[in-house]
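Here are some exercises to work through with the structure in view. Try each one yourself before you read the solution.

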Amino acid sequence: MEVTLEEVAGWAGVSLASGGPLDEKITDKHILQVCAFITDWESVASHLGVTPSALEEIRADNPNTRKRREAMLRRWKASQGQGATYRELGAVFLKLNKAQDACEVFKLSKYREDDPDPDPVTYPNQDPPQNDNTGGSGWLDYVAGAAAVIGNTVGSYVPYQCPHCKVWSRISSYGGNIVHGATCPECGRDIFNP
């Protein structure tokens, strides 16, 4: 089933009317938030018109995936000027069949640079258990529990720390049920297999 921009805007609670928040230039603060959920930055870059030579420069200049995602979005923003809008970025995610990511971008358009973070990433004060005494998977139970504590909704992003590279990121959750086999966007390893 193909999802439309109208549906995504409805989910995000924003209007598609021309000249609205979706047509404003994306802020630097929101670029950093978008970086947290981009999984295939090279596909996004290609759809945003970033050239292969620019991709090579980004790879060479940035040692890790998170920095590459940020550099790619900043390069796109600089090249597009006022055309680097929430609408354009959301449309790219939709073309890549990432309606949830498009919705997240559209939601960000409702907030200004100096507004409080609309969806702050809150991290636990302690490391998650590697296993538990009940025969459970420890890490999986921890992440699923975090989803419940945060009060997430279907399709929200739950913060987690990769057990391999220790980088914090977010994982898509479906009502607290984390999808098995998820990979860390930083190191590419399975986060449920410490």
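**Exercise 1.** Decide whether Cys103 and Cys165 are buried, partly exposed or exposed, and count the disulfides.

*Solution.* Start with the cut-offs: buried means under 20% relative accessible area, exposed over 50%, and partly exposed in between (1.4 Å probe, protein chains only). Cys103 has a relative accessible area of 8%, so Cys103 is buried. Cys165 comes out at 27%, so Cys165 is partly exposed. Next, a disulfide is a pair of cysteine sulfur atoms within 2.5 Å. With that rule, you get zero disulfides.

A quick word on the numbers: this is a predicted model, where local features need pLDDT of at least 70, side-chain atom pairs count only at pLDDT 80 or more, and totals for chains, interfaces and linings use all residues. Residues are numbered from 1 along each chain as its sequence is written, and side-chain values use heavy atoms, leaving out hydrogens and water.

**Exercise 2.** Find the aromatic pair and work out which parts of the chain it ties together.

*Solution.* Rings of Phe, Tyr and Trp (its six-membered ring) pair if their centres lie within 6.5 Å; planes under 30 degrees apart are stacked, over 60 edge-to-face, and the rest tilted. There's one aromatic pair. Phe37 and Phe93 make it, with 5.9 Å centre to centre and 50 degrees between the planes, which counts as tilted. Phe37 sits in the loop between α2 (28-35) and α3 (41-47) and Phe93 in helix α6 (residues 86-95), so the pair ties together parts 56 residues apart in sequence. Phe37 is buried at 6% relative accessibility, and Phe93 is buried at 1%. Helices here are DSSP runs (H or I, at least four residues), numbered from the N terminus.

Notes
Helices (H or I, at least four residues) and strands (E, at least two) are DSSP runs, numbered from the N terminus.
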